Amino acid sequence: MKPFRMFFRSIRDAFKSVVRNFSLSLASISCISITLIIVAIGIMASLNVNNFTKVIKEDVTIVVFIKRDVDESSLGVIRAKLDQIDNISTIDYKSKKQLRDEMQATSPTLDATMKDWSEDENPLKDTFQIKVTEIEEIAETASTISKIEGVDSVNYGETMVGKFLSAFKMIEKGTILVVVLLILVTVFLIINTIKLTIFSRKREISIMRVVGASNLSIKMPFVIEGMVLGMFGSLIPIILIIYGYYALYKHFGGQIFSPLIQLIKPGPFVYIVSLIILAIGMIVGMIGSYRAVRKYLKV
Amino acid sequence: MELIRIRDVSMQYKNGVTAIYDLNLKIRRGDFVFIIGGTGCGKSTLIKMLYREVKPTRGEIIVGGLNVARLRNSRVYKLRRKLGIVFQDYRLLTKSTVYENVAFALEVIGAPREEINRKVLRALELVGLKGKVRQYPDQLSGGEQQRVAIARAIVNEPKILLCDEPTGNLDPEKSIEIMKVLDTINATLGTTIVMATHDKEIVNRMKKRVIILKEGRLVKDVEKGEYDDEAI
């Protein structure tokens with residue numbers, strides 16, 4: 001009974017002192033808001049950049065050209081061998097006829113040249129179009145495939161993919177670094193702001209000690225107060241995240257410059273980011289006030 | 001039976017100043033004791049040691065069965081709950097009402113609401129401030145603020161009330177009011193009172209036990225004593 005009573009009193013006192021120390025609370029809340037907005041932008045930008053790279057990676061295809069003299073049954077053997085390779089996620093077979101039809105459909109010029117070809121004159125080759133699960137291992141997979149009997153050649157845009165891969169790795173590392181740095185700066189800023197609000201209440205803490213409050217019961221209302229400040233501080237960033245991102249998505253129609261650069265759908269994304277921001281605000285608020293109070297309990 | 005026992009206590013501050021030398025003292029249950037002496041004689045230090053604001057460098061202090069010198073920081077609250085403490089500067093929460101200030105002492109120990117209500121009103125009645133429960137400290141006079149502080153100190157029904165110059169900021173008339181309140185508490189509740197002061201008028205009027213400190217040493221301990229200018 002007694003611990004519950006003290007816990008609820010702490011919650012009541014926390015809200016009370018947020019109101020009674022209004023100007024300081026407002027200062028903390030706005031500082032927390034601003035830093036969290038920056039963090040939110042950082043998180044959303046980096047997740048989007050990572051999403052672009054993911055979309056592009058998913059687009060990379062290994063095209064396996066089959067020798068002309070391979071018949072139906074040997075094709076089945078090749079298919080079975082492809083199935084045994086680990087890194088392959090999907091295999092699409094396209095006969096040279098299908099390829100020809102597709103190419104004819106893309107432009108009238110191609111259509112004009114190709115429509116007179118007889119089936120035997122078709123210079124194209126039957127292909128397997130393969131997507132891999134781990135793009136980093138695409139070179140090995142391609143070389144394994146090229147050794148299969150009946151395979152004429154393998155093509156996946158080697159030089160371009162290689163460049164892309166190294167660029168993506170750098171982008172990923174860069175964005176993670178930026179987000180981590182931003183969060184660290186935020187933590188530091190929020191902790192210090194909350195420390196300031198609590199330092200101004202040094203007297204209150206000393207009075208609590210004088211009348212026989214245990215250290216725990218002194219810490220609790222302050223820690224909850226820090227949490228409340230963090231919570232209020234994350235409200236404006238959350239509203240901005242939700243409305244801002246929806247507006248941005250709508251404005252660009254879901255993609256920037258080309259269909260390759262896709263924005264993440266706002267769907268659950270903005271709510272997940274909002275939760276992350278709320279959690280950062282509340283946890284950091286708690287840590288900040290805990291550390292500030294502890295300083296005054298060492299006598 | 002003694003409630004406070006001080007044995008061979010010395011206290012030296014970190015800056016090298018020695019405030020108390022080899023002090024031995026016993027204070028019985030129900031005593032009303034004045035600790036007097038000039039500036040820097042160690043009377044404040046003595047009071048601070050009793051509530052473990054400072055630790056003695058040597059010796060043993062037992063307050064209400066607790067060994068104060070060995071008390072760990074995280075357990076200090078156990079001692080404080082046995083004590084009421086009144087300061088020269090009142091130390092009230094300026095943003096809380098009179099009622100909340102007194103109730104605070106019971107809230108931090110987790111007392112139920114009805115008990116808080118009953119005890120707070122009784123304590124405020126005892127100090128004569130029952131009509132001012134909704135006021136804020138800055139709406140009160142100095143004497144009234146000090147009475148709020150006394151109500152807060154006794155609301156928990158402590159066995160010992162420590163007062164560090166409680167009348168230091170008050171004019172003689174208000175000081176006498178405060179002393180009447182303290183005397184009533186001592187007489188009706190049987191609370192042991194230890195009060196550091198340099199107010200000659202009060203000491204002579206009250207005729208209580210007087211302990212005189214000079215340069216950190218106990219020089220005189222008299223029942224029904226007076227303010228002895230020569231000893232100081």
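In this predicted model, H3(B) passes H5(B) in a right-handed crossing. Helix H3 covers residues 98–107 of chain B and helix H5 covers residues 142–154 of chain B; they pack at an angle of about 30 degrees, with their axes 7 Å apart. Since angles under 35 degrees count as roughly parallel, that makes H3(B) roughly parallel to H5(B).

Who does the touching? On the H3(B) side, the contact is made by Val98(B), Asn101(B), Val102(B) and Ala105(B), while H5(B) brings in Val148(B), Ala151(B) and Arg152(B). Sorted by class, that contact comes to 5 nonpolar, 1 polar and 1 charged residues.

The structure holds 2 cavities of 30 Å³ or more, and here they are:

| Cavity | Volume | Lining by class |
|---|---|---|
| Largest | about 70 Å³ | 6 nonpolar, 2 polar and 1 charged residues |

Take the largest cavity to start with. Its lining includes Val210(A) and Val211(A) from chain A, along with Leu83(B), Gly84(B), Ile85(B), Ala105(B), Arg152(B), Ala153(B) and Asn156(B) from chain B. Strand E6 (83–86) and H5 of chain B are the elements that give two or more residues to this lining, and the largest share, 3 residues, comes from E6(B).

As for the second largest cavity, Arg209(A), Ala213(A) and Asn215(A) line it together with Asn73(B), Val76(B), Tyr77(B) and Arg80(B). Helix H2 (residues 76–80) of chain B gives the most to that lining, with 3 residues.

Definitions and conventions. Residues numbered from 1 in each chain as written. Chains lettered and ligands numbered in written order. Predicted model: local features only at pLDDT ≥ 70, side-chain atom pairs only at ≥ 80, totals over all residues. Heavy atoms only, no water. Axes fitted to C-alpha atoms, helices over the stretch in contact; angles between N-to-C directions. Helix = DSSP H or I, 4+ residues; strand = E, 2+ residues; numbered from the N terminus. Parallel < 35°, antiparallel > 145°, perpendicular 65-115°, else oblique. Left-handed = near helix turned anticlockwise from the far one by under 90°. Contact = heavy atoms within 4.5 Å. Nonpolar A, V, L, I, M, F, W, Y, C, P; charged D, E, K, R; others polar. 1 Å grid on protein atoms, 1.4 Å probe; cavity = no way out; pocket = protein on both sides within 12 Å on 5 of 7 lines; lining within 4 Å. Points joined across faces, edges and corners; volume = space filled by probe spheres on them.
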